[in-house]
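Hello,

Here is the structure for you to look over. My notes follow below it.

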Amino acid sequence: MTVHQREAVATRPQEPADALAVPHATARYRIPHLRWIMVGLIFLATTINYIDRLTLSVLAPVIRQDLKLSNSDYALIGTLFLLAYTISQGLSGKLYDRIGTRLGFTVSIVVWSIAAALHAFARGIGSLGAFRFLLGLGEAGNWPGAAKTVAEWFPVHERAFGMAIFNSGAAVGSVIAPPLLVWLQMHYGWQSTFLVTGVLGLTWLGLWLWLYQPPHRHTRITMEELEYIRAGQPAAPAGAASPSWRQLLRHRQAWAVILARLVCDPVWWLFMMWLPEYLNKERGFSLKEIGMFAWVPFLAADVGSLAGGFLSGWLIRRGWSVNRARKAVIGFAALLMPCGIGAAYASSPFVALAFIAVVLFAFQVWINNVQTMPSDFFPSSWVGSATGLGGVGAGIGAMIFTLTTGWVVDHFSYTPILIVAGLLGPVGTLVLFSLSGTIRPIEAAKLKA
């Protein structure tokens, strides 16, 4: 047993008496390190999530021309997605805490895959907005579900890296999407492209239902790994399997994550939604050139996600407290995010892309550790709900910034938007650190209060 296991075993949550015996009584063979396969499944889901999400933004120059959409129309459609996404983050978090990750992911991916395919039948702002809203309802569930899966399958010192792996799916999906979607559009048209992306999620669902069970029910997990996972899990308060939002909002730690994400998440959404349009309208890129180069900043984001997760986990293993390690990595990332201001004044489009790449690298370092914080504060039975509320904050901030971006670009340019976005990282981090206090599990007595 490792040092981390011995230190935390006294605080692990109590499970039913048969929770350990059942899987081992029925297993014919066991798979070592099964938790990495589980997080690999979540990584694939997140990758598909982003390919589905980015189909509209990557192909926006063609779709907007066909459907005759202005910048404000496009911003409104994006805001409808974010409105549904925001509502669903909170609801999905509670759903996953109540019905579990296996069934929760099934609901989410069926909804978003059908919604993605329906985009093929859009004929104007009304139908496209409706399909986008439905997509947001389904896709939002990925994040509280993934965070809950990591909290269930990983001990505390590995959680940030587990989060990094699934979060890197967002960046990998963003890297794959531009060349893949442009190729599909050029050969088959944008309507058929949406049908193809819709099928991806339903294919993943078969793999998920075949392979996934929570650790204490999985018939292929080893006793050693199950004990390793349980070590360091925060204790759950008796009788509070799924908290109410009122219970969560009594804790300043929940508000710290909600408000920090409200301020900072618009940085990611700005480039998720507007980067192809920015490259097309402001930098003169053709659709083919967008396919060739728009993925580069998201490759940097992928590196940032893995680096952020690895670094905080490495510091914890080196003896740093969770509080010190998380805050050091988050603070480092916040100091890099103002580099985005340089993109507003770069004379070369490739220098501008380089600045944007630094921003997305830093944001993924930042968000990977911030999304881990609910599992640092709360027991696993609360993580889905807490993460979902953080997503609500992120969605509100992203909606405000998306609508603002559409209006500002229509009347001025991208320059004011890039300047403001460059300041959001440090401001969001100050809010986070001011409200969160020391990053450590909340005492069970305070959770029940």
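Cys264 is buried, at 0% relative accessibility (buried means under 20% relative accessible area, exposed over 50%, partly exposed in between, with a 1.4 Å probe and protein chains only). Cys339 is partly exposed, at 27%.

This is a predicted model: local features need pLDDT of at least 70, side-chain atom pairs count only at pLDDT 80 or more, and totals for chains, interfaces and linings use all residues. Residues are numbered from 1 along each chain as its sequence is written, and side-chain values use heavy atoms, with hydrogens and water left out.

The whole structure holds zero disulfides (pairs of cysteine sulfur atoms within 2.5 Å). For Cys339, the closest cysteine sulfur is in Cys264, 14 Å away, so the two are too far apart for a bond.

Next, the core. The largest nonpolar core has 129 residues (buried Ala, Val, Leu, Ile, Met, Phe, Trp, Tyr and Cys, joined through side-chain atoms within 4.5 Å). Trp268, Trp366 and Phe378 touch the most other members. Helix α3, residues 34-58, gives the most to this core: twelve residues. Helices are DSSP runs (H or I, at least four residues), numbered from the N terminus.

Last, a helix pair. Helix α5 (residues 71-99) packs on helix α6 (residues 101-118) at about 140°, with axes 7 Å apart. Axes are lines fitted to C-alpha atoms over the stretch in contact, and angles run from 0 to 180 degrees between N-to-C directions. In α5, Leu95, Tyr96 and Ile99 take part; their partners in α6 include Leu103, Phe105 and Val107 (contact means heavy atoms within 4.5 Å).

Best wishes

Definitions and conventions: Helices (H or I, at least four residues) and strands (E, at least two) are DSSP runs, numbered from the N terminus.
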